[in-house]
Amino acid sequence: MSNTNARRLAISYTPMMEYGKAWELQKEAVQAIDSGEKPERLILLQHPPTYTIGSQNHPEHLLLNSDQLKEQGITLFEIDRGGDITYHGPGQLVGYPLLRIGEDGKVNLHGYLRDLEQVIINYLASYGIVGDRKPEYTGVWVGDEKICAIGIKFNKSKYRKGFVTSHGFAFNISAGMSEKGFQGIIPCGIAQYGVTSLEECSGKSLDIEKVASELVPYFLNQFTYEEIIGEA
């Protein structure tokens, strides 16, 4: 029997979704969640090759011109999340948590970032991999290589105290991602460190949808959701 007082989270996984469509989906969902029409939501998916530039807006960290982007089939979006430039592409699990936070008037925005990082750190530990933080940067690292980038937006609520979150994390799963789209940028504006993937760190061949399924309990536990419901 369902517990009507349980914290409920709608979770969906889509094998591939064009970035612009996913961005519009987030905007619509944020409004519906804020108004109470829809439950909080975790969107898990993959994107075709895409660069996104966040609010730090350093176009010089994009190393390709428009012709080269077209030739390589990579789309470019300037978006409203925090952070610098990053790459999304096949073999990367992207998560967009659309959550209400700070409704009690106690908003710990940095704490939310640390919680997202902890989800990935705890999941990596299940593979015997030590994920860590670098104090000066956001995201999760294995040694000096970033395995998960994080960039978020806090959308101020129109109906209550606090915010609804959007954007989220990009978790590199498939080996060889560093030889693909990451070569065309200075990822997150950090030139001195590289990127890695779960396959490279674990030595295993992995299915993205399976990873998404495995990651969900770690997310529910970190954010204390008790019940999963179908796609919102």
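## Cysteines

In this predicted model, Cys 148 counts as buried, because its relative accessibility is 0%. Cys 201, by contrast, has a relative accessibility of 27% and so counts as partly exposed. The cysteine sulfur closest to that of Cys 201 belongs to Cys 148 and lies 12 Å away, which is too far for a bond, given that a disulfide calls for sulfur atoms within 2.5 Å. By this rule the number of disulfides comes to zero.

## The nonpolar cores

The largest nonpolar core has 38 residues, and those touching the most other members are Leu 93, Leu 124, Phe 169, Phe 171 and Leu 198. Two or more residues of this core come from each of β1 (8-14), β2 (41-45), α3 (109-125), β8 (140-142), β9 (145-156), β10 (163-172) and α5 (208-223). Apart from this core lies another, made of 16 residues, including Ala 22, Ala 29, Ile 43 and Phe 77.

Leaving aside residues up to four places away in sequence, Phe 169 touches Leu 44, Leu 93, Val 94, Gly 95, Leu 116, Ile 120, Cys 148, Ala 149, Ile 150 and Leu 215. The buried Cys 148 is thus one of the residues in contact with Phe 169.

Strand β2 is largely enclosed by the rest of the structure, because five of its five residues are buried. In a regular strand the side chains alternate between the two faces of the sheet. Both faces of β2 are covered, with Arg 41, Ile 43 and Leu 45 buried on one side and Leu 42 and Leu 44 buried on the other.

Strand β2 runs parallel to β1, to which five bridges join it, and antiparallel to β6 (residues 92-98), again through five bridges. Arg 41 of β2 stands opposite Ala 10, and Arg 41 also stands opposite Leu 98 in β6. Together with helix α1 (residues 19-35), the strands β1 and β2 make a right-handed β-α-β unit.

## Residues with positive phi

Most residues other than glycine have a negative phi. His 167, although it is not a glycine, has a positive phi of about 55 degrees. His 167 is found in strand β10, and its relative accessible area of 2% means that it is buried.

Thr 224 is another residue other than glycine with a positive phi, near 55 degrees. Thr 224 lies in the loop between α5 and β12 (227-229), whereas His 167 belongs to a strand.

Terms used: Residues numbered from 1 in each chain as written. Predicted model: local features only at pLDDT ≥ 70, side-chain atom pairs only at ≥ 80, totals over all residues. Heavy atoms only, no water. Core = buried A, V, L, I, M, F, W, Y, C linked by side-chain atoms within 4.5 Å. Buried < 20%, exposed > 50% of the residue type's maximum accessible area, 1.4 Å probe, protein only. Helix = DSSP H or I, 4+ residues; strand = E, 2+ residues; numbered from the N terminus. Contact = heavy atoms within 4.5 Å. Pairing = 2+ DSSP bridges. Right-handed = clockwise from strand over helix to strand, strands pointing away.
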